[in-house]
Structures are given as structure tokens and as C-alpha cells.
Amino acid sequence: MADLPGISLGCDYNFEQWSPSVWAEDVALMRQAGVDLVAVNIFGWSSIEPRPGEYDFGTLDSIIGLLHDNGIRVNLGTGTSSPPPWLTTLHPEILPEAADGTTRSPGGRQAWCPSSPVFRERALALVEQVAIRYGDHPAVALWHVSNELGCHNALCYDEASAGAFRAWLLRRYGSIDALNKAWGTSFWSQRYSDWAEILPPRLALSLRNPGQLVDFQRFSSDELLGHYRAEAEVLRRHTTAPVTTNFMVTAHIRALDYWSWAPEMDVIANDHYLDNRLGDPDAELSFAADLTRGLAGGRPWMLMEQSTGAVNWQPYNLAKVPGQMLRNSLTHVARGADSICFFQWRASAQGAEKFHSALVPHAGTDTVGWREVLELSSTLDALAEVAGTTVRADIAILFSWESWWATDTEARPSQDVRYLDQVHAAYRAARRLGVTADVVAPGTDLSGYRLAIVPCLHMVSDEDAALINDYVAGGGHAVVTFYSGIVDVADRVRLGGYPGAFREMLGVVAEEFFPLPPGRRVTLAGGATATLWTEHLRATTAEIVDSYADGPLPGVPAVTRNSYGEGTSWYVATALDDDDLRDLLRAATRAAGIRGTGPESDGSVEVVRRAGADRSYLFVINHGKQDIAHPVTGHDLITGEAVPGMLKVGAGSVRVIREEPVA
Ligand code: GLA
């Protein structure tokens with residue numbers, strides 16, 4: 001972690017948008033708000049290199065000096081996230097190309113091709129200058145490479161990308177024969193005879209090759225990671241401060257396989273915005289926080305960006321109601337964040353983000369928003385002793401970006417089977433039961449968990465499948481949901497019946513998928529209801545827990561349970577409605593001997609524990625409209641009061657209790 005005590009508060013500061021008189025006021029207000037860490041130079045390129053090779057660090061020097069003089073640490077951007085107009089004018093070949101072959105213009109941000117050698121050279125030259133100038137500056141607590149790499153430009157289809165893709169494929173497959181085999185190119189006369197014939201999967205007249213599509217996703221993720229690595233290497237020649245970049249573990253960005261990125265970060269940092277387009281934004285926030293903790297290997301992490309209120313990029317940009325920002329922030333802390341930062345400090349008056357909320361709103365400091373910022377600041381101060389503790393979970397939910405790519409592709413059994421929906425459904429069910437889950441990569445050692453949930457793990461390697469199967473054989477419990485284990489890493493169907501990789505462990509075999517059209521709901525004999533998916537399943541060694549009462553497959557098993565080795569595995573062959581999935585998971589968690597940290601609820605109550613060797617803290621978060629009571633004994637860090645056995649948590653509030661005795 002960056003060397004910052006307690007639970008730190010931070011923000012992006014786009015000082016370039018303001019005059020020096022505002023800077024002075026801002027730094028005074030930052031002190032009032034107890035801001036510990038300020039990100040600068042995120043979009044600085046056109047200011048610090050106004051003309052090719054001409055560097056002007058005067059303003060950045062002043063700002064960093066001002067922050068330093070006021071005891072505020074700096075999260076220093078390398079400044080390369082968006083090329084300046086002179087660069088795209090001089091070298092239009094760096095501009096990204098979309099799948100339809102059209103070039104994307106500058107005028108927004110991130111207008112660069114990840115494989116452009118010219119962009120790389122110019123960016124690294126800038127990084128070198130920034131690193132030389134500030135590499136040992138005492139204010140710099142953290143280096144912030146670029147910004148949200150791949151937010152807009154992850155998939156680029158131009159000639160530079162084509163060349164880099166071929167080189168990547170050569171490294172992966174070694175020979176054109178191996179590539180032909182992996183992509184199944186005997187189909188539709190797609191056999192390649194030479195590397196030069198291979199292109200990025202640009203839009204075609206018909207469905208594209210799915211093996212090529214998934215490899216292009218892998219390549220694109222690696223390509224941007226390569227960019228991160230190149231910038232980080234330059235920085236490390238000049239600094240010993242930690243280096244990171246801000247991830248986007250969120251519902252609408254799926255291009256980066258952060259499991260492969262995480263080991264290269266000195267600290268894991270995530271940007272998270274509440275997504276009001278989703279059915280249950282609070283549950284998605286908790287999921288993203290738990291996944292970020294998974295990327296951090298269970299260690300504390302940073303929330304690098306969130307908003308105080310509305311964003312500017314959803315169709316309807318909802319403001320946060322009083323208390324919601326504090327609740328969002330403390331949910332991240334409960335799930336392992338030791339730093340809470342915001343985009344951005346002062347709301348812009350101009351530019352595409354002028355209607356994005358900020359710590360200092362357009363209306364100034366005599367506002368509800370500002371008072372909430374001060375409240376958050378004092379709350380984080382009160383939680384300082386929580387820093388460094390970790391979250392323990394009995395459940396592992398397996399999450400895979402590769403499965404996301406392979407599931408949400410072209411030509412699938414149902415366009416409504418979306419990977420993240422299925423993962424979220426499983427996560428929501430666990431959350432409603434009051435149990436805490438770690439979100440981990442397939443391939444993780446599961447032996448420390450009582451239960452593994454494997455939602456829609458469509459693409460899985462032989463090794464990762466074997467780990468899951470061995471875990472169950474060794475006494476573990478698993479719940480596997482439909483469309484899992486279907487293809488190998490080359491997107492090749494595992495033959496012999498679905499779900500190929502887990503057939504034996506689950507004790508079932510399916511011969512055909514029967515997806516349901518929109519609006520169609522099936523009923524199971526036990527009364528549960530489900531949508532989206534059914535399949536012609538037969539139990540081999542499993543016992544049948546429930547079967548369809550209607551729909552296309554009456555009498556066919558829908559939920560099964562199997563004894564496999566020393567363990568137990570459940571298969572859910574349909575998309576159970578939320579309450580029914582929760583009920584099934586309740587049975588599975590009980591069978592696995594898991595007790596929730598919190599009560600069962602409709603998701604409006606979250607109880608999460610962070611603990612260290614000699615201390616434990618219970619976060620009780622009440623998203624609901626009713627006051628609740630929760631049994632706990634200890635000391636309330638926020639109110640300072642003793643909690644003698646029963647804690648009252650008002651509607652919309654959060655309480656954090658140092659437990660006595662330690663749990
Ligand atoms: C991202 C970016 C920021 C800003 C916010 C707006 O997280 O990193 O620069 O654009 O989105 O929500």
C-alpha cells in the first residue's frame with residue numbers, strides 16, 4: 001500500500017481547469033476536509049508538453065509544492081492517458097480503429113491505439129521526464145500510470161494492432177498449424193496458410209470465428225498490460241514509491257483480464273461508480289468490492305475513484321440521497337478498502353464532465369454535499385484502527401474474465417444468457433443470506449473454503465476444472481450453475497455431454513440446451529420458478545432435488561445434488577428466480593456448515609467483519625428504510641459509545657463496532 005496512515009481520503013484534482021486563486025482556496029478546503037491524497041496530472045499531457053519535446057513543469061511544480069506544504073500527499077499521474085492534439089495531428093496513425101474499420105477521431109479522450117509504436121515512444125518519453133522531475137519528491141506517495149487503461153480504447157483493429165496480434169499469436173501457438181487447430185479453421189474455409197493472412201476480428205458479413213474473438217480479447221488485455229509495464233519500468237528507474245493504475249472492476253467494462261494484471265501492481269486500486277442501470281446497484285457495488293479484494297489477494301486495497309453523487313455518463317444520472325455516499329464508502333471499507341478516493345475534487349465548469357458531481361459542488365461549500373464530505377472525513381478518521389485488517393470468508397465465488405468473453409459472444413444458445421448477470425445472481429443470493437464471499441480466480445486453491453460457487457463458468461481450462469473437481473472430491477462443497485464447463489480455453493466444446501468439465505463431479509449429463517424465450521417462466525415441482533434456461537438433463541450418479549413441472553421439459557431434473565468423493569456438489573440447470581436461488585444456496589451453505597455474519601435480508605442489510613490477529617470489527621450497513629437491531633458487543637467507533645449486546649442501526653446508516661471479545 002501507499003504509505004498513508006489509517007483509512008485515507010483522496011481525490012482527483014484537475015487543477016488545470018482552475019486559476020491560481022482557486023488553487024489556494026482548494027488546498028485550504030482540502031485541509032478542512034482532511035484530504036490525505038490528491039491525484040494530479042492524470043490528463044496533464046497537453047499542459048506539461050505543450051509542443052513536441054518542449055516540457056513545462058512550472059504549474060505542476062507549483063501544485064505539488066502547494067500540496068506538499070500543506071501536508072497533502074500526491075498520487076502522481078504519468079499524464080499519458082490522453083494524447084495532446086499536436087500528437088494526433090503529427091501522427092494520425094496513432095488513432096484507434098473500430099471493428100468496422102473506421103478511425104476514431106481525437107476530441108474526446110484516450111484516442112490512441114494500444115499497439116502504436118509511435119504512441120508508446122512519445123508516452124514513455126513523457127513518463128521519463130515526469131519521473132526524473134518528481135521521482136524522489138517527498139510528496140509523492142503513489143504513481144498513477146495513465147488512467148483507466150482500456151476504458152475506451154481496449155479493442156483496436158488497425159494495422160499496428162494486426163501486426164502485434166500476429167506476434168502475440170506466434171508466441172501463443174508457435175506454428176500456423178497449431179493456430180489453425182485452436183481456431184477450428186477447417187470450418188467455413190478459414191484455414192490460414194501464412195501469418196500475414198491473419199487479421200483482427202473486424203466486422204464481417206456473418207458471424208466471426210469465436211476462437212479468434214476470444215484470442216483477440218486476450219491479446220488486447222495483454223497489450224494494454226504491456227503498456228502499463230512499459231511505463232512502470234520507466235518509473236522504477238527513478239522512484240521507489242509504489243506504482244499502480246486504476247482498474248475498472250465494474251459492470252460495464254469487461255476488456256481487461258485483471259487476474260493477469262493484478263500481480264504487476266504495487267497496490268490494487270479500483271474505480272467504482274454506482275450503476276443505476278442495474279436492478280440492484282448496491283449488490284453490484286459489494287460484488288465489485290469483493291472482486292477487487294480478490295485481485296488484491298485478500299489484502300487491503302484502494303478505492304481510487306467513486307462519485308459523491310451523480311455521474312455524467314449514464315442515461316439518467318441519479319443524485320445520491322443523504323447518507324448514501326457514506327454508505328457506499330463504508331461498504332468499500334467493510335470489504336477491504338483502506339483508502340477512499342473520489343473523482344473529483346471540484347466540479348468542472350466546462351467540458352464533458354461539467355455535470356459530474358464532486359467533493360466541492362458547483363454550489364460551493366454551504367451545501368448538503370460538502371457537509372457530507374466533512375462527515376465522511378471524520379468517519380474515516382474514526383475508523384483509522386481498522387486499516388490493515390482483512391476480511392475472512394467461507395465461500396469462494398469463481399469469477400473469470402475469459403468466461404465473460406466466451407459467454408457474451410456471437411452465436412450462442414441464448415443472447416439473454418449474460419455471464420455477469422449469472423454471477424451477480426449467485427452473489428446476490430449469498431449476500432441476501434448474510435454470508436460473506438471472496439471472489440476468486442478459477443485456479444485458486446479452494447481448500448480454505450467450505451463452499452465454492454461456480455456460476456456460469458462457461459470456459460474453463462482442464463487444470464482449473466480439475467482443481468474444482470479435486471476440491472469436491474477432497475470434501476469440499478460446490479454449487480455449479482448452468483452453462484458451466486462447456487468449452488475449453490480454445491472455445492472447443494467438451495464432447496460427451498454437458499457440462500463437460502464437471503459432468504462426473506456433478507453426476508449429471510445433458511444432451512441438449514432448451515433456452516427459454518423472453519418472458520417465459522417455468523415452474524419446478526417443489527414450487528420454485530425459473531427463466532432463461534432449461535436443458536435436457538439426466539442424473540447419472542446425482543440425486544434429483546427438483547424437476548420441471550412444466551415448460552419444454554416436464555419431469556426432467558432441474559436441480560441435482562451429488563456425492564463425489566468426500567464432498568457434495570449441486571447443479572442448478574436453470575436460472576432460478578432470486579428467492580429460489582437463495583433458498584437453494586441456503587441449503588448448500590447449511591450443508592457446508594456455514595453461518596452468516598449477518599441476518600438474512602432482502603439485501604438491504606449487510607454485515608461484514610474485518611479482522612486482524614488481535615482485533616475484529618463488525619460493519620453493519622443498513623441500506624433499508626427501517627431501523628434494525630443487530631446482536632454485537634463492543635465499542636462503536638463512529639459514535640464512541642459502548643454497545644452492550646444489541647446494536648441499533650437507523651435506516652440508511654452504518655455502524656462499525658470494535659468487537660469485544662475479538663471474533
Ligand atoms: C472515470 C475516469 C475519470 C472520470 C470518471 C467519471 O472513472 O477515470 O477521469 O471521467 O470516470 O465518472
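Analyst: The side chain of His458 sits 3.2 Å from the backbone oxygen of Tyr483. That's a polar contact, meaning a pair of N or O atoms within 3.5 Å; within protein, one must be able to donate a hydrogen and the other to accept it, and residues adjacent in sequence count only if both atoms are side-chain atoms. Keep in mind that this is a predicted model, where local features need pLDDT of at least 70 and side-chain atom pairs count only at pLDDT 80 or more, while totals for chains, interfaces and linings use all residues. Residues are numbered from 1 along each chain as its sequence is written, and side-chain values use heavy atoms, with hydrogens and water left out.

His458 belongs to the loop between strand E13 (451–454) and helix H15 (462–473); helices (H or I, at least four residues) and strands (E, at least two) are DSSP runs, numbered from the N terminus. His458 counts as buried because its relative accessibility is 4%, and the cut-offs are under 20% relative accessible area for buried, over 50% for exposed and partly exposed in between (1.4 Å probe, protein chains only). Cys456 is buried too, at 0%.

Another buried cysteine is Cys113, also at 0%. Its closest cysteine sulfur is in Cys156, 3.6 Å away, so that's too far for a bond. With a disulfide taken as a pair of cysteine sulfur atoms within 2.5 Å, the count is zero.

Now the ligand. Its shell, where a residue is near if one of its heavy atoms lies within 4 Å, includes Phe43, Arg109, Tyr273 and His356. Ligand oxygen atoms come 2.3 Å from a polar side-chain atom of Glu305, 2.8 Å from one in Trp313 and 2.3 Å from one in Glu353. On its own the ligand exposes 310 Å², and the protein buries 97% of that, going by Shrake-Rupley areas with a 1.4 Å probe.

Gln344 lies in the loop between strand E9 (337–342) and helix H12 (368–382).

Ser189, between helix H7 (176–183) and helix H8 (210–236), isn't a glycine, yet its phi is positive at about 60 degrees. Ala411, between helix H13 (401–407) and helix H14 (419–432), has a positive phi near 55 degrees. Ser189 is exposed at 72%, and Ala411 is exposed at 63%.
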